[in-house]
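Here's a quick walk through a protein model, written for someone who likes to know the cut-offs. Have a look at the structure first, then read on.

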Amino acid sequence: MRVIKFIAIAAVLFFLSCSKMSTQQVLDTDFLPPSSRYFQIQADSLIYAGKPFYATVFALDTATSQVLKSYNGTLNWSVVGAGTLTVLSNDGWADGKNTFTLSYSDNLSPGQSAVIALSASDASDKKIRGTSNNITAKAPVIFSTYRITVPAQTYMYSPFTLKVEAMGSDGEVFQNYTGTALLTALNSSGIFMQTDGVTQITGLNNFVNGVSTNSVEFTQPHPTLQIKLTDSADSSHFAISSPVQVAIDQLGFSAIPISNANTLRLFWNSVSNATSYYVYEKQAGNWIALGTVSPPATSYLRNSLAAGTEYEYRLEARDASNTVLFASQTKATPAPCTTISAGMANNNIISTASWTYAASPYCVQDNVTISAQLTIEPGVAVRVAAGKKITVASGGTLVAQGSSARAIIFTADNALATPGYWGGIEWLSGSVGSAISGGYGGGSILSYSLVEFAGPGVAAIQTPLWIEYSLFRSNKSTNAARAGGGFYADLGGSGTNAVFVRYSGFSTNESTVGGGGALRIDGSGTVTIQYSSLTTNLVSGGAEYAAAAYIVPSSAQILSSYFGSNKAVVSADGGLNLTYMSGALLLKGNNNTISAVTFEKNQQTSSFKNTNNGTWTTHYSSGSLLLTGSGNTIQNSTFSNNSGSASLTATDGGNSLNVYNAGALMAAAGSLTLTQSLLSNNSAHSDATVGHKYAYAGGALLVAAGSSSAMTDNRFVSNSASASTEASWDCTQRIAYASGAINLLNASNDVRRNTFQNNSSTASSVQASCGSSPTGKAAGAILAHAQNNTINYNTFSGNTADGNQAAGGALLYRFFSGNNFSYNSITGNKSDQSGAVYLLGDISLGNLIASHNNITANGRLNITGQDRSLFLNASTTAYFQNTHWGGQTATGDGSASEKCSMLIFDSETNGGSSCTGSTSGTIDVTGAVATAWPLCSASSSLDCVGAP
């Protein structure tokens with residue numbers, strides 16, 4: 001052994017003596033062939049194209065994997081996969097290790113990635129090489145565009161939150177954005193303003209982690225305003241917001257010269273939830289707070305002003321957290337009156353004239369007759385004495401065109417005036433109305449005008465009229481011939497006249513004589529109400545009425561408008577031909593269109609007594625909308641928190657017909673199309689006591705007469721209904737019918753792809769001492785009274801019903817013939833009678849066809865341990881074929897034990913729990929399946945259940 005070791009050492013020493021290698025080189029086995037070496041390459045697993053990254057290389061011995069500390073060769077680099085590498089620098093070899101700074105490039109789109117590896121080889125011997133770990137090479141995330149969040153609707157001068165997010169090429173928020181976004185308001189003449197209303201925003205540079213949040217407002221109304229943001233450094237990076245509807249100012253803020261030449265009276269509408277009103281005056285270009293007004297007060301006196309000097313004011317309605325709910329601005333000039341009295345030239349205008357801002361205010365002490373053209377300039381205030389009016393006579397034209405900064409004001413000459421104080425403005429037949437052809441084309445007009453404390457505010461007799469950007473408030477009608485508190489129009493019978501109302505508001509108007517609390521339009525012609533708001537109006541009398549609007553002509557267009565917190569409260573005694581009542585809107589014609597309209601918190605309450613053998617006609621009422629014609633269409637609209645209540649009592653032999661009431665919407669006759677709308681939290685109550693026939697209530701919708709209505713792609717959520725009756729004085733049985741969502745009294749309706757969730761109803765019929773059986777019938781979602789109805793592809797869940805004779809948690813069918821109930825999902829519904837469907841039919845009316853339904857986990861109210869889905873009391877057959885019963889049955893053999901798991905039998909209706917006896921008819925459950933049908937994912941899906 002010692003000899004061998006000596007020989008080896010001698011050989012090494014001889015090799016060293018005969019070569020120029022260092023001892024370290026020998027230890028690194030540099031004397032071995034080069035191919036016995038290789039490179040180990042370590043790099044980050046994620047790199048970005050075009051960005052520097054690092055790769056560390058170790059020169060290693062193939063046999064021992066030891067680092068060759070003396071290696072100092074030159075490397076050639078390449079990419080395994082697509083792309084190229086550039087060597088930017090390296091640290092130099094040290095102890096067999098070198099760190100290189102590299103850059104990768106490829107034609108990747110921003111945010112795209114590719115998997116590559118790095119390859120390095122010795123420049124003098126390509127056999128010495130190495131390959132890195134797999135690397136994800138990604139195109140660098142760069143700023144790409146903006147994501148803009150805006151409300152669907154806002155109001156003039158009312159601050160709203162504009163949220164802007166800088167978005168990277170990967171679709172995520174680009175947190176490193178430090179640029180400036182330039183703002184442009186598209187399709188609008190308005191100025192984009194900051195909250196203080198002074199400084200125009202030219203750019204946003206307040207991005208924090210890629211997000212900019214701003215409080216902004218608009219000073220002009222517009223139907224489809226959009227915001228465009230453009231990067232100041234690169235105009236190719238921009239975004240456009242979704243449309244914003246900028247509605248007319250809801251405060252109706254006005255400044256009116258009163259009493260003397262140095263006083264202004266600031267006045268505005270009351271705002272729900274406002275706890276304070278802040279009043280500002282612009283002084284030397286800045287808003288200076290004058291004071292705070294606490295509700296219910298809605299006015300402020302500004303004294304000691306300079307006559308002839310224009311002043312500008314701002315009002316902010318704030319809630320308890322000091323959040324600005326609404327804001328408004330106005331301008332006015334205190335000045336002495338230009339008097340208009342009997343015998344003066346300006347009292348009887350027979351030649352072209354103008355009422356100028358310089359001569360404002362105009363104090364009208366006697367009636368004014370306009371027989372030529374009168375033009376009223378922006379900012380003019382017209383103060384009218386008690387009982388006096390402005391009449392546009394034959395040949396006369398009234399052009400009242402204000403501006404957003406200076407509205408024209410028609411008001412009372414008394415700061416303590418009440419609604420109906422003066423006679424209003426009236427266009428007589430033969431006067432020059434508005435030229436309307438796709439827009440306003442000349443003639444009379446009301447634009448940016450305020451009409452208040454009149455009775456009614458405006459009347460147009462057989463005269464077309466264009467009204468825009470105007471506000472009607474605190475007006476009142478007590479004249480049945482002019483039964484519209486804010487506005488009345490009689491279009492005549494020719495059908496050529498028109499009323500066009502847009503961007504306008506009607507608030508706190510009233511009618512005591514029926515018609516419309518805010519407006520009434522009679523006759524035949526064209527009616528359009530668009531981008532307008534009708535709120536807190538009242539009707540308190542009359543035979544036919546609507547709290548907000550009563551419209552007779554057919555083909556009316558009610559578009560993108562709001563009906564809120566209107567109220568109809570009427571009571572009467574005696575025989576009255578009372579027929580139609582609505583808490584907000586009543587349309588009497590045919591083929592009307594309601595699109596993108598919101599009905600919210602409207603209320604109809606009626607209480608009537610019928611004594612001394614009086615006779616009432618049928619009673620129709622609705623919490624927010626009542627339709628008496630046919631062919632009406634409602635789409636993309638919202639009905640929420642509306643309520644209807646009707647109570648009728650007959651005594652001393654008095655007799656009445658039926659009582660119909662709906663929480664949100666009623667079609668009293670003809671066909672209705674209701675689509676893509678939300679009806680939620682509406683309620684209805686019908687109460688008929690002694691001497692009446694039937695009481696019907698629909699929590700959301702009641703279709704009272706006619707046929708062929710269609711309700712598709714809607715959501716009915718948390719609506720409720722109750723109905724009660726009492727036997728007549730002659731002991732004739734009366735019946736109460738209530739449905740939580742829809743009450744269908746007519747035939748051939750199509751109810752398809754709707755969602756019915758958490759609706760409820762109760763029905764009670766008390767026969768007093770007459771000894772008759774109770775007859776209250778209730779349905780949690782739908783009560784179908786007639787034949788040939790199609791109820792398919794709907795979802796029913798969490799609905800409940802409680803009736804003292806018959807109740808279905810989801811549905812109650814009164815008659816069967818031609819009805820089709822298929823492809824529905826009915827889960828988790830309950831009633832005291834039948835958890836899902838109650839079948840109350842007649843053998844003479846045929847059979848119910850029902851197939852491909854999911855009927856699962858429906859139960860009994862107040863009775864635990866029973867999961868009963870159906871009840872059939874008619875001597876006929878109901879076909880529930882190819883249906884899933886939630887595990888209750890899987891064979892479909894129709895045996896008694898199988899039916900017992902699904903059905904409620906007669907013996908159970910009065911509190912019994914045994915599954916004995918039989919139903920009055922037969923239920924065919926052929927083809928029952930153990931697995932549920934799939935839920936529909938699209939309207940075109942087949943063999944599925946529920947609303948997609």
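## The main core

Which residues touch the most other members of the largest nonpolar core? They are Phe 410, Phe 487, Phe 821 and Phe 880, in a core of 101 residues. A nonpolar core here is a set of buried Ala, Val, Leu, Ile, Met, Phe, Trp, Tyr and Cys residues joined through side-chain atoms within 4.5 Å. Strand β36 (residues 408-412) gives this core its largest share, 3 residues. A second, separate core has 31 residues, among them Leu 162, Val 164, Leu 204 and Leu 229.

## Ground rules and overall make-up

This is a predicted model, where local features need pLDDT of at least 70 and side-chain atom pairs need 80 or more, while totals for chains, interfaces and linings use all residues. Residues are numbered from 1 along each chain as its sequence is written, and side-chain values use heavy atoms, with hydrogens and water left out.

The protein has 3 helices and 103 strands; these are DSSP runs numbered from the N terminus, with helices being H or I of at least four residues and strands E of at least two. Of its 948 residues, 54% are buried, where buried means under 20% relative accessible area, exposed over 50%, and partly exposed in between (1.4 Å probe, protein chains only). Among contacts with a separation of 6 or more, 73% join residues 24 or more positions apart.

## Pocket and cavities

The largest pocket comes in at about 830 Å³. On a 1 Å grid over the protein atoms alone, a pocket is an open set with protein on both sides within 12 Å along at least five of seven lines, a cavity is a set of points where a 1.4 Å probe fits but cannot get out, and lining residues have an atom within 4 Å of a point. Grid points are joined across faces, edges and corners, and a volume is the space filled by probe spheres set on the points. Of the pocket's 33 lining residues, Tyr 155, Gln 250, Phe 326, Thr 535 and Tyr 562 are the closest to its centre. β48 supplies the largest share of that lining, 3 residues.

Asp 249, Gly 252, Phe 253, Ala 407 and Tyr 469 are the closest to its centre, out of 22 lining residues. For this cavity lining, the largest share, 3 residues, comes from β26.

## Loops worth a click

Two cis peptide bonds turn up in loops. One runs from Pro 295 to Pro 296, with omega near 10°, and Pro 296 sits between β23 (286-293) and β24 (299-302). Another links Ser 360 to Pro 361, with omega near 5°; Pro 361 is in the loop between β29 (353-355) and β30 (362-364).

Then there are positive phi values outside glycine. Asn 209 has phi near 55° and is exposed, at 52% relative accessible area. Asn 636 has phi of about 50° and is partly exposed at 41%. By contrast, Ala 49, in the loop between β2 (46-48) and β3 (52-61), is buried at 10%. Not counting residues up to four places away in sequence, Ala 49 touches Tyr 104, Lys 138, Ala 139 and Pro 140.

Notes:
Contact means heavy atoms within 4.5 Å.
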